[in-house]
Amino acid sequence: MKTVTIFGAGAVGGNVAVHLASAGVAEVSVVARGAHLAAIRERGLTLIQKDQRTTVRPEVATDNPADLPPQDLIIVTLKATSLPDAAPALAALRAPGAPVLFLINGIPWWWSHGLPAGHPATTVPLDLIDPARALRDGLGADAVLGGVIYSPNEVTAPGEITNRGHSRFLLGEPDGSLSPRLTSVVDLFACAGIEVAARTDLRRDIFSKLVLNVSVNPICALTGLTARERLLEPGIRDLSRALINEVIAVSHASGFPVDADLDVEALLDPAKVPDARPSMLQDVLAGRPMEVDALLGQLQVLARDRQVATPALDGVLPLLQGLNRRVTQP
Ligand SMILES: NC(=O)C1=CN([C@@H]2O[C@H](COP(=O)(O)OP(=O)(O)OC[C@H]3O[C@@H](n4cnc5c(N)ncnc54)[C@H](OP(=O)(O)O)[C@@H]3O)[C@@H](O)[C@H]2O)C=CC1
Ligand SMILES: CC(C)(CO)C(=O)C(=O)O
């Protein structure tokens, strides 16, 4: 059986770990820390979904990845802000040739990898998300599988994850190929009852998801409102629409246009938007750093590179940077 480690088994990673372990499709270990890790060791890892509780006991639960033997698959569900520091441990944990699947919101550090020579995205600066090239040089982009997450989850108590809606994962190779390793990971997820699809142009999916994150996460983080509550304020709804339009414009200018079927009106309809706290608001409430650069800062870099005007983004970004400073250096 494959050995799989979920590196950063918090809200999203905890959900995936419980699915894989309870289905018995892999030997699942988790890297976590603090009170959450202590609870997993003592009582197991529990997923609450539609009032049903499922508890699993990972093979190994540790905060020291060196405790683990080389793994056949590593699924990284850290926040983007934690990634550069984790690069050496990720590199050491891979069995030879093993893929590392990044399930993380925002523009990923491997954005420029796997594209045809001369594509404008191959030269775009990525220093904001991989500042000292720890990921690119330490892990290497050849290891990477990318992922897009549609799955609202929260760590509601140490050792306990609550899922608050439909889950779907989109996975892809940076070069868009339907490689055997991609198919194998997609099959693993499907066998564990996870809704999943292999994609041939994941950067388009990343932009489609970014539409949601950029129009929801910063506003909720700044106001404390849920995704639905924010739409009850007409001015905030207008700002959300402006942010949506800017992300769509950057996606087109970058050569990775969002899905033409993307239903913008549904994203702005309070009746269709969950009454959930997005991950960035969860971070503020927990006093954790927000993924400002992966979600907004790097988007601004792409916009500048393609000469797309983003006045709404340019207004929101410094507010979020200020809030981030207050949260992380109280
Ligand atoms: N939550 C959600 O509903 C959604 C989240 N996403 C995205 O998924 C990604 C993961 O988010 P989410 O699951 O919410 O994040 P979480 O913060 O819940 O999970 C990350 C976990 O990794 C732990 N961690 C961080 N660094 C280390 C380390 N060095 N060693 C061991 N454990 C570590 C964190 O611990 P600690 O808490 O102590 O920092 C935390 O438990 C993000 O990119 C997010 O934007 C996407 C869709 C929905
Ligand atoms: C889409 C949304 C807002 C909830 O799943 C998300 O991706 C997040 O919380 O970061």
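Before turning to the annotation, one term requires care: UniProt positions are given here in the numbering used for this chain, feature names are shortened, and an annotation may be inferred rather than shown by experiment. Please also bear in mind that this is a predicted model.

With that understood, the UniProt record, an unreviewed entry, places the feature "domain: Ketopantoate reductase N-terminal" at residues 4-175. In the model, this span is 23% helix and 29% strand, and its end C-alpha atoms lie 23 Å apart. UniProt also lists, again from an unreviewed entry, "domain: Ketopantoate reductase C-terminal" at residues 201-322. Residues 201-322 are 70% helix and 0% strand, with end C-alpha atoms 34 Å apart.

Let us now consider the domain assignment. The protein chain is given as domain 1, residues 3-200, and domain 2, residues 204-328. The C-alpha centres of domain 1 and domain 2 lie 23 Å apart. Where they meet, 20 residues of domain 1 are in contact with 22 residues of domain 2. On the side of domain 1 that touches domain 2, there are 12 nonpolar, 4 polar and 4 charged residues.

I turn next to the ligands. The shell comprises 27 residues, of which the closest are Gly8, Gly10, Ala11, Val12 and Asn105. By class, the shell of ligand 1 holds 11 nonpolar, 11 polar and 5 charged residues. Helix α1 (11-23), helix α2 (34-43) and strand β9 (153-157) each supply at least two residues of this shell. Of the elements, α1 gives the most, with 3 residues.

Strands of a sheet pair through backbone hydrogen bonds, either parallel or antiparallel. Here, an open sheet of 4 strands runs in the order β4-β3-β10-β9, with mixed pairing. Strands β4 and β9 stand at the edges with a single partner each, so one side of each is left without a neighbour in the sheet. On average, neighbouring strands of this sheet are turned by 25° against each other, direction ignored.

Within this sheet, β3 (residues 45-49) and β4 (residues 52-56) pair in the antiparallel sense over 5 bridges. Leu45 stands opposite Val56 in β4, and Ile48 stands opposite Arg53 in β4. Together, β3 and β4 form a hairpin with 2 residues between them. Lys50, in the turn, has a positive phi of about 50°.

To close, I return to strand β9: this strand stands at an edge of the sheet and also supplies at least two residues of the shell around ligand 1. Thank you for your attention.

Conventions. Residues numbered from 1 in each chain as written. Chains lettered and ligands numbered in written order. Predicted model: local features only at pLDDT ≥ 70, side-chain atom pairs only at ≥ 80, totals over all residues. Near = placed C-beta within 6 Å. Nonpolar A, V, L, I, M, F, W, Y, C, P; charged D, E, K, R; others polar. Pairing = 2+ DSSP bridges. Axes fitted to C-alpha atoms, helices over the stretch in contact; angles between N-to-C directions. Domains from an automatic or database assignment. Contact = placed C-beta atoms within 7 Å.
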